[in-house]
Amino acid sequence: MIKTRWKPLAEIEEGLASARRVAVFSCGFCANLCGTGGTAGQAAMEGLLRSWGREVTASACLNGCCLGQVMRQAVALYLDPVRDRTDALVLVSCAGGVKSAILANPGMPVVTALDSLGSEAMWDTDHPVATSLCVGCGQCVLTLTGGICPRTACPRGLPYGPCRDFPREGGPCANAPSRLCIWAQILENADPKHLEALRKLHRQRNGEPPFIPVPPQALPQRARSLTGRLLALTGRFDWLVRLVK
Ligand code: SF4
Ligand code: SF4
């Protein structure tokens, strides 16, 4: 899931600039699971807008703001910038949802309420495998690190091995003593020789064409639109998504 957190409220209000009449879309998938979006985030955003003296002209929770078909259908179902004279659309979703809203041409500026931090496993533990975030570096090392992302779990973001001063027997990080050294934990099972080999392979990668499997057959456009519309209408069932958390 994509992890998100609320922006400082002053930043959201600044993003609204002179917008007086505002619509809200909140995401019923990842942001819902993070506790930032869903119907609760939607209600929180509506409350904030009213407390800032703004009028809420439309509001919906969507199951998958990042899905283009869902966003297109939501724009058609819920937004009418001319009739409602809406000045801005606030997205309580990850950056994928914000991009999707901009691509759907809602006819008004799109404002983001959340910051996207990266993807993580949705797991009921605070183990580093579950909590270290993937920020999509494009040169993944998880195969050799037992699932812990050192780019985000090590304060120096070292992907192929520890810093010179790391505690070999484990213990506080040499650079951020309030945290444990993640490389000491990774090296309990990882082989430095393999990590060095991976570093060399990553260096050689430039210009190599990526492997692209045959894309699955897409549904006809009408079926995709209908599926998108269904998902755009079922956001109030966001509690169902939270049941699997
Ligand atoms: S190394 Fe970390 S940031 Fe890079 S792709 Fe893998 S998990 Fe993501
Ligand atoms: S001590 Fe460990 S976690 Fe800290 S910067 Fe060095 S390798 Fe990274």
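Student: Which strand do seven bridges join to β2?

Tutor: The model is a predicted one. In it, strand β2 covers residues 21-27 and runs parallel to its partner. Within this pairing, Arg21 stands opposite Glu55. The strand joined to β2 by seven bridges is β3.

Student: Which strands stand at the edges of the open sheet?

Tutor: The open sheet is formed by four strands with parallel pairing, in the order β3-β2-β4-β5. A strand at an edge has a single partner strand, so one side of it is left without a neighbour in the sheet. From one strand to the next, the twist averages 20 degrees. The edge strands are β3 (55-62) and β5 (110-112).

Student: Which residue in β6 stands opposite Arg5?

Tutor: Strand β1, residues 2-6, is mostly covered, with four of its five residues buried. Five bridges join β1 to β6 (residues 114-119), and these two strands run antiparallel. The residue opposite Arg5 is Asp115.

Student: Which residues have the most contacts inside the largest nonpolar core?

Tutor: In soluble globular proteins, nonpolar side chains tend to be buried together. The largest such core here has 44 residues. One of its members, Leu89, is in contact with Ala23, Phe25, Leu79, Ala101, Pro106, Met108, Val110 and Val111, leaving aside neighbours within four places in sequence. Those with the most contacts inside the core are Leu62, Leu89, Val90 and Leu91.

Student: How many nonpolar residues does the shell around ligand 1 have?

Tutor: Ligand 1 is surrounded by Cys134, Val135, Gly136, Cys137, Cys140, Val141, Leu142, Cys149, Arg151 and Pro159. By class, one residue of this shell is polar and one is charged. The nonpolar residues number eight.

Student: Which residues come nearest to ligand 2?

Tutor: There are 13 residues around ligand 2. By class, this shell has 11 nonpolar, one polar and one charged residues. Those that come nearest are Cys154, Pro162, Cys163, Cys173 and Cys181.

Student: What percentage of the residues of the chain count as buried?

Tutor: The chain has 13 helices and six strands, and its C-alpha trace spans about 65 × 45 × 35 Å along the principal axes. Among contacts between residues at least 6 apart in sequence, 62% join residues at least 24 apart. Of the 245 residues, the buried share is 36%.

Note on methods: Residues are numbered from 1 along each chain as its sequence is written. Chains are lettered from A and ligands numbered from 1 in the order in which they are written. This is a predicted model: local features need pLDDT of at least 70, side-chain atom pairs count only at pLDDT 80 or more; totals for chains, interfaces and linings use all residues. Two strands pair if DSSP finds at least two bridges between them. Axes are lines fitted to C-alpha atoms, for helices over the stretch in contact, and angles run from 0 to 180 degrees between N-to-C directions. A residue is near a molecule or strand if its C-beta atom, placed from the backbone, lies within 6 Å of it. Ala, Val, Leu, Ile, Met, Phe, Trp, Tyr, Cys and Pro count as nonpolar, Asp, Glu, Lys and Arg as charged, and the others, Gly among them, as polar. A nonpolar core is a set of buried Ala, Val, Leu, Ile, Met, Phe, Trp, Tyr and Cys residues joined through C-beta atoms within 7 Å. A residue is buried if 20 or more other C-beta atoms lie within 10 Å of its own, exposed if 12 or fewer, and partly exposed in between; C-beta atoms are placed from the backbone. Two residues are in contact if their C-beta atoms, placed from the backbone, lie within 7 Å.
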